[in-house]
Amino acid sequence: MNKIPSVNLEDFLSDDPKRKQKFVDEIGKAYEEIGFVALKGHFLDDKLVDDLYEEIKNFFELPVETKQKYEIPGIGGQRGYVSFGKESAKGKKEGDLKEFWHFGQYVEDDPKRAKEYPENVEVKEVPNFNVVGKKAYQTLEKTAKYVLRALALHLGLEETYFDNYIHNGNSILRPIHYPPITQEPDNAVRAAAHGDINLITLLMGAQGRGLQVQNHNGDWIDAIAEPDELMINVGDMLSRHTNNRLKSTIHRVVNPPRELWGTSRYSIPFFMHPISEMKLDVLDSCVDENNPKQYEDITAGEFLDQRLRELGLKK
């Protein structure tokens, strides 16, 4: 496959069973073949998107010493600010050419679960940053819920199979700033080739070249979304749970051509995580003679901890 397929969530949400099944079939096929789709018909409106980009730019334009006040030690970068070059891809020693922020879950109905997560960090200098961030987080979470419902049907599970696992899940909204490149990068790129940790990732900001996906032939293809589309891909947790039936595809963000080095790039992924005790054990329906079980049993929390250590975010 040499192009990212496009699907429309309105088909799944319609009252027409044929349209709903069409969406299930299309997204299931795409995730089995390349692991990425471009999604129209999501719940983000233009105003929320514009407001979010404005507030993110306002934050990243703050002085470095101001931003570093919001870098919280001891939590593996799970909330607040993570400074430039701190994160590297698994197996790579060079830090990525980016800085980012983490908004986490807003638990409102489970005090025990709330204690499990670090608190969200309030930025005093840009008060609307947190307000808009929360709204975007919850809107993307709602979109992700319906994508997972479609995938549950594709896998022959109950439509609401994932609902209880993602309610109050350990999901993260990560606004990323790739600053202008000021000198020849020493073997570093904006985001080195990697697979995502989580169930699915919903990405805002994939307009224009930069994001590339590796297809099953090993070729890198540009993943460019239309302005009204989110790019959504399978993460390692879901790939593991389905015994690689749904593919977690390696992707990267390459440096722009030299003439565009002076420009910033912003992208905003929402990493949909389940609650930590979800078992990622391979689904029985995804094992047969031709596809024996490939992974040991593990919980989502154990898997996340393992990967954060590999990424250098947790010691």
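These notebook entries record what I looked up in this structure.

**Entry 1. Ground rules.** I am working with a predicted model, in which local features need pLDDT of at least 70, side-chain atom pairs count only at pLDDT 80 or more, and totals for chains, interfaces and linings use all residues. Residues are numbered from 1 along each chain as its sequence is written, and side-chain values use heavy atoms, with hydrogens and water left out.

**Entry 2. The whole chain.** I found nine helices and 13 strands in the protein chain; helices (H or I, at least four residues) and strands (E, at least two) are DSSP runs, numbered from the N terminus. Of its 315 residues, 53% count as buried. I take buried as under 20% relative accessible area, exposed as over 50% and partly exposed as in between, with a 1.4 Å probe and protein chains only. I then turned to contacts, meaning heavy atoms within 4.5 Å. Among those between residues at least 6 apart in sequence, 78% join residues at least 24 apart.

**Entry 3. Aromatic pairs.** I counted rings of Phe, Tyr and Trp (its six-membered ring) as a pair if their centres lie within 6.5 Å, with planes under 30 degrees apart stacked, over 60 edge-to-face and the rest tilted. The count comes to 14 aromatic pairs. The ring centres of F103 and F129 are 5.1 Å apart and their planes stand at 40°, so this pair is tilted. F103 lies in the loop between strand 4 (99-102) and helix 5 (111-116), and F129 in helix 6 (residues 127-154), so the pair ties together parts 26 residues apart in sequence. Both F103 and F129 are buried.

I next examined Y137 and F270, whose ring centres are 5.1 Å apart with planes at 85°, so the pair is edge-to-face. Y137 belongs to helix 6 and F270 to strand 13 (residues 265-272), so parts 133 residues apart in sequence are tied together. Y137 and F270 are both buried. I also noted one aromatic cluster formed by F59, F60, Y70, Y81, W101, F103 and F129.

**Entry 4. Charges over rings.** My criterion was NZ of Lys or CZ of Arg within 6 Å of the ring centre and within 35 degrees of the ring normal. K142 lies over the face of F43, 4.3 Å from the ring centre. The charged end of R252 sits over the ring of W220, at 3.9 Å from its centre.

**Entry 5. Helix 3.** The buried residues of helix 3 include two members of the aromatic cluster, F59 and F60. Also buried in this helix are L48, L52, Y53, E55 and I56.

**Entry 6. S171.** I located S171 in the loop between helix 7 (163-166) and strand 5 (172-173). S171 is buried, with a relative accessible area of 0%. Leaving aside residues up to four places away in sequence, S171 touches F103, G104, Q105, Y137, F270, F271, M272 and H273.

**Entry 7. Positive phi.** Most residues other than glycine have a negative phi. I found that phi of N168 is near 60°, a positive value. N168 is in the loop between helix 7 and strand 5, and is buried at 7% relative accessible area. Phi of N243 is also positive, near 60°. N243 has its place in the loop between helix 8 (236-241) and strand 12 (251-253), and counts as buried at 3% relative accessibility.

**Entry 8. A193.** I found A193 in strand 7 (residues 191-194), partly exposed at 38% relative accessibility. The C-alpha atoms of A193 and I250 are 6.1 Å apart, although 57 residues separate them along the chain.
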